[in-house]
Structure formats: structure tokens, C-alpha cells
Amino acid sequence: MSSPRTVTAKASAKTSRAAKKSASDEGMSRADKVNFISAMMDGLPSKDAPAKTRTEKVARKASANKPLKVEILRKISAPVIVATPSNALSDEARKFAAAIEDKVASGDFDALTPEAVQALMTALCKFYSCNVEAGNKFAVVKDRHSITGTDAMITCGALLKAVDLQVFELGMWQSWSGL
Amino acid sequence: MAEQFIGKASEFKDGDRQIVRIGEDEIGIFRHEGQYYAYSNFCLHQGGPACEGLTIANVEERLRPDKTSMGLHFTDSMNFVCPWHGYEYDMKTGCHVKDKSIKLRKYDVVTKGNDVYVVA
Ligand code: FES
């Protein structure tokens, strides 16, 4: 016959096992946790697209050396540059521009006096805007790689400042004029 | 991996590119300075169409020996830019221009006569 003390000890051990069991029932099992985390990482498999079976994977491996279906989604062509016939003044201007580019590349920033730069900028600015207003629109530089964004921003900023215009006025004028 | 025919060389001018789907992969094929380059069209940033944006020369800042700047200049190497948020990849390697550990999957391109194939 067991003593009352032994009976109490057995009963308390039973109670603590039951408590542990109920705690693990309420919480998630290890397998549930693993499933939950993988669902979070990979997304739940949709009903329409069931996960790949082993047979499918083997089939893909077996066809690895076979030509697959090739579908052309889009063709993006290189930009087209239309050449216009040159003339004597244009040839001279190109030579002069190349000489200035050389000076810039060699770091000789004093090759032109500020007055000379002003004269050139003024003439080119007038010449370009007259052409655009006359409907003869062409890109102001040969391509995207001719000048950097910084070059463009410094020059545009300086031109706006020279005629006391703000950037928002430029924006407004562009939206009205469509130029 | 097998050679997948994607078109005729005569239809590819310098500067042209094509986006193709081969099986489950989407690939951008560039022709640049007479060479072909093919990369996965899934940007490593957020899966944007990496090969469909601008192509632009690499920009570098030139410094004099005393470290004064001579300004920003375009170099001879060409990059292509993902149109979504501007990740810029080197045309010849597929590496991100800033972080070389970010690299698009590269595919080999083979030409046989006038036929162009991507190995995928
Ligand atoms: S997805 Fe390409 S830059 Fe963000």
C-alpha cells in the first residue's frame, strides 16, 4: 500500500504531464512551424499551379538538350540617325567643336575667353530656337552620350539665370507651348 | 542546355536587341560592337525588365594629380539600365556597375553562319 505522500507525488506528476501536453496542443508543433515558415518564404501553392512533382522535374531534365519553344517578345531597334547633307559653315563649325572638345579633354579650360564662349552660346542659342520655332525640330545634341546630365543642368540653369527665369516658369511655358 | 535558334544575324544591327522567352526563362539579347550578349531579363533588384531600358555609356569623373575634378565624362564601356528603378548593368559582364557581386545570369550566344543561337 502506498503512503499518502507517494500518492500525492504521483498525482502531481500526472497533473504536470497533462499541463505540458495541453500546452503543446495549444501551441504549434515543430512540423507545423516548419510548414508555416516555408509557406511564408515560398508562398502557398495555388490550386491551379500545383507544385512540380518529381516526375515533372525528371521530365524537364530529360528534355534539357532538346530545343525549347522560343517566343520573341519584342524587338528593340537601335536609334536611327538621319544624315543631312553638309555645307561649308557646318564643316567649319564641326572642326571648331572638335578643337574645343580636345581642349576640354586635356583640361585646358582657358582655351576660350569667357567673351568668346558668350558669343558662341548666344549665337547657337538663337540659331537653335529659331529652327525649332520654324518647325525644324532636331535633337540639341547628337545623342544621349554627347553630354552628361550635369553638363545639361549646369548649362540650362545658367541660361535660365541669364534671362531671369525660374524653373517653374520654364515648366509652365513648356506645357502651354508644347515645344 | 541546348542551342536555341533566336533569329538571323542579318536582322540584328549593332545596337539592336531582342527579348525572347525560352521555356521558362526571359532573356534579353544585345548586339553591341559586333558582339552578342544575352542576360536574364529579370532585374536583381525587384524583378523589373532589366534588359529593356536605356543603354548608356559609363560615366566617370576625371581627376588631375592634385585631385581637382576635370568633370564627368562618358567612357567607351556601355551599360544598360533597368527601367524600373535604374539598376545599371555592364553590357559585357552583366555586373551591376557599383556592386560587382550583383550579376545578371549570363547566357552564351553562338553564331553559325547567319543563324544566332542562345544556349539555354
Ligand atoms: S527592378 Fe530593376 S531597378 Fe528595380
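**Note on the interface of chain A and chain B**

1. A:R74 is partly exposed, with a relative accessible area of 36%, where partly exposed lies between buried, under 20% relative accessible area, and exposed, over 50% (1.4 Å probe, protein chains only). The model is predicted, so that local features need pLDDT of at least 70 and side-chain atom pairs count only at pLDDT 80 or more, while totals for chains, interfaces and linings use all residues. Residues are numbered from 1 along each chain as its sequence is written, chains are lettered from A and ligands numbered from 1 in the order in which they are written, and side-chain values use heavy atoms, with hydrogens and water left out.

2. The side chain of A:R74 meets that of B:E52 in a salt bridge (2.8 Å, N to O), the term standing for a side-chain nitrogen of Lys or Arg within 4 Å of a carboxyl oxygen of Asp or Glu. Helices (H or I, at least four residues) and strands (E, at least two) are DSSP runs, numbered from the N terminus.

3. A:E71 and B:R21 also join their side chains in a salt bridge (3.1 Å, N to O), which runs from strand β1 of chain A to strand β2 of chain B. A:E71 has a relative accessible area of 31% and is partly exposed, as is B:R21 with 33%.

4. The strands themselves pair: β1(A) and β2 (residues 17-22) of chain B run in the antiparallel sense over six bridges, pairing being called if DSSP finds at least two bridges between two strands. Within this arrangement, A:R74 stands opposite B:I19 in β2(B).

5. For the interface as a whole, 28 residues of chain A are in contact with 31 residues of chain B, contact meaning heavy atoms within 4.5 Å. The area buried between the two chains is about 2,500 Å², of which carbon and sulfur atoms give 54%; buried area is the accessible area (1.4 Å probe) that two parts lose on being put together, summed over both. A:V70, A:I76 and A:H145 supply 24% of the area that chain A buries against chain B, more than any other three residues.
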